[in-house]
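Me: I would like to learn how to read charged side chains in a model. Can we take it step by step?

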Amino acid sequence: MKFGAAFAFSCVLILASCGGSDPITVSDAWARSSPSGVTMGAAYFDITSVDDDSLVAVSVSSDVAARAEIHEVVKAMDMGDDGMHDGAMSMQEMDALELPAGTLVQLVPGGYHIMLIDLAKPLVVGETFDVTLDFDQAPDLTVTVEVSDR
């Protein structure tokens, strides 16, 4: 009887591991190289969530940058005498990036991106670094980003 119960339990574990897909998928992760002396960079990728979710935080390996933030590029409004004019573009930090179920969200130059702040060293073509993504509902996901000049 013990053998039968152990066999049944093993079958359940095998079947449980076969189905379903990852709750979050990330592809095409890359970052531009940075000139010496530049202290900021950006990472880009495509991301899709199976269920409605939100990317709420990001961290990078300590040897690349001091911190990372989710940013978006937006059109600035006329601010008056401080030099801002209609149509000017600026970056702003986001509290979260919404990931509607089944919808591809692209982090691209001029749009959403991961801002790398206080680079420890320049980003060099061909090198890689890890970015850890923290979600509202799904488990954290570590993504390897390749430095590439596209």
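Reply: Start with accessibility. Buried means under 20% relative accessible area, exposed means over 50%, and partly exposed lies in between (1.4 Å probe, protein chains only). Lys121 is partly exposed, at 42% relative accessibility. This is a predicted model: local features need pLDDT of at least 70, side-chain atom pairs count only at pLDDT 80 or more, and totals for chains, interfaces and linings use all residues. Residues are numbered from 1 along each chain as its sequence is written, and side-chain values use heavy atoms, with hydrogens and water left out.

Me: Which residue does the side chain of Lys121 meet in a salt bridge?

Reply: First the rule: a salt bridge is a side-chain nitrogen of Lys or Arg within 4 Å of a carboxyl oxygen of Asp or Glu. Lys121 meets Glu127, at 3.8 Å from N to O. Glu127 is partly exposed too, at 33%.

Me: How many salt bridges does this rule give?

Reply: Three. Another joins Arg67 and Glu69, at 3.3 Å. Arg67 is partly exposed at 40%, whereas Glu69 is buried at 13%. Arg150 and Asp28 also form one, at 2.7 Å. Arg150 lies in the segment after strand E10 (141-147) and Asp28 in strand E1 (residues 24-31), so this pair ties together parts that are 122 residues apart in sequence. Arg150 is exposed at 53%; Asp28 is partly exposed at 41%.

Me: How should I read those strand labels, and which strands does E1 pair with?

Reply: Strands (E, at least two residues) are DSSP runs, numbered from the N terminus. Two strands pair if DSSP finds at least two bridges between them. E1 pairs with strand E2 (residues 40-49) in the antiparallel sense, over six bridges. There, Thr25 stands opposite Thr48. E1 and E10 run parallel, joined by two bridges. Trp30 has Glu146 of E10 as its bridge partner.

Methods:
Helices (H or I, at least four residues) and strands (E, at least two) are DSSP runs, numbered from the N terminus.
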